[in-house]
Amino acid sequence: MAEVLAPEKKEGLFSKNNKKLLTDPLDDNNPITVQVLGICSALAVTTLVFPSIVITIAVVFVCAFSNLLTSLLRKSIPSQVRMIVQLVIVATLVTVVELSLKAINFDVYKQLTVFIGLIITNCIVMGRLEAFAMANTPWKSFLDGVGNGLGYGLILIVVSVVRELFGKGSLLAGTPLEMKMIGATSEYWINTTADGWQSFMFGWYQNNNLMVLPAAAMFLIGIYIWIQRSRNTKLVDIS
Amino acid sequence: MELVNVFLKAAFIENLILSYFLGMCSFLAVSKTVKTAFGLGLAVIFVLGITMPINWLIYTFLLSEGGLIGMDLTFLRLILFIAVIASMVQLVEMVIEKVSPALYNSLGIFLPLITVNCAILGGSLFMVSREYNFSESVAFGLGGGFGWFLAIVALAAIREKIRYSKVPAPLRGLGMAFILTGLMGMAFLSLLGIDPAAF
């Protein structure tokens, strides 16, 4: 009987199709701007750049490994209870991330504890499980998870740079690389001393409080979609 | 009267979508036509209205310190709440698949994604942090669901109308939905701080 089925053609680990899985979510099939997944967290986290970077790393990890595990188990999950099984996988991975972050860098953990927990309800993770991992082989699902995590991170970082720069007048606040447009203390290279002629350069910025509201993130993502679709016309909504 | 207050507050003043921006993904993706928006809105009202009292019972009688187990197990609340929500959504999915296959197909992946709709988990967490009692939690669940329903139907109606306007082609559809939601959210800021008991 086994001979009847022709063996599937072997694909290389990084064949053309597999590379596409990794690069598609960055633009053509971006989770936020095309698939409309994971927007709540994009609104909540993006007031500052640094938390966005940490969340991106966490989401890439959770997304990749939950896709891998679900894909390995996909034939033995009964469809009536599949959501509960998927959520258990995701919740386990999020707990792993939370505990390892606690061990690696406790300060960052304290800052982000709520947001890390909320990765469980990030629709990107479960959306990709439902749409991709339940129907594809483990290696492909893994690549799809990494790609979607990165595509999500791209939007997060673009939005958070604009929001932090205009809303708080700083960049990467809370890290050693912090830069500020408001002249305050003098530890970092860009805001050396706030007196003398430099105060003219750095003391001028008035924070724009609109950028701190979640509505600003909606506008920014809307504008991002506008730019993306005018460059990439096949995404334009014809209906 | 107290219950009416909780209901109105949850539906209008502290609207889950427009003032907390929770449950955005399905809100933006499913609001293309009023008909599907209506269906998803009803499903969310149902899920919120059912999970809220169940989660209240679980929280008060199993997890909190004065409950039946007698230990403080509140750190388990995320997992238990999610499990309740997932099983309710699975139930709704099976019902919709049987009753209305057309609606089932048009909702697509966003039906199972009600599970991870932040509005629903967020609702349960608000219920805990605001210390509602049983009947208040029922009113809060129904009110929150009703507010979500109204918001998605409103956005869908605007999007159906705006199809006849001259929107720049790349902004059509999703881009416009984002900007509209931002504007609606800013308009809702003006309702914050109104006390329904004053009327």
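Helices (H or I, at least four residues) and strands (E, at least two) are DSSP runs, numbered from the N terminus.

I noted that this is a predicted model, where local features need pLDDT of at least 70, side-chain atom pairs count only at pLDDT 80 or more, and totals for chains, interfaces and linings use all residues. Residues are numbered from 1 along each chain as its sequence is written, chains are lettered from A and ligands numbered from 1 in the order written, and side-chain values use heavy atoms, without hydrogens and water.

**Helix pair.** I found that helix 3 of chain B passes helix 4 of chain B in a right-handed crossing. Helix 3 (residues 34–63) and helix 4 (residues 77–99) of chain B have axes that come within 10 Å and cross at roughly 145° (axes are lines fitted to C-alpha atoms over the stretch in contact; angles run from 0 to 180 degrees between N-to-C directions). Contact means heavy atoms within 4.5 Å. Helix 3 of chain B brings residues including B:Phe46 and B:Ile50, and helix 4 of chain B brings B:Phe81 and B:Met88 among them.

**Interface.** I counted 38 residues from chain B and 38 residues from chain A in the contact. About 3400 Å² is buried between chain B and chain A, with 82% from carbon and sulfur atoms (buried area is the accessible area, 1.4 Å probe, that two parts lose on being put together, summed over both). B:Val116, B:Pro170 and B:Phe178 supply 19% of the area that chain B buries against chain A, more than any other three residues.

**Chain A.** I logged 9 helices and 2 strands in chain A.

Technical notes: A crossing is left-handed if the near helix is turned anticlockwise from the far one by less than a right angle, and right-handed if clockwise.
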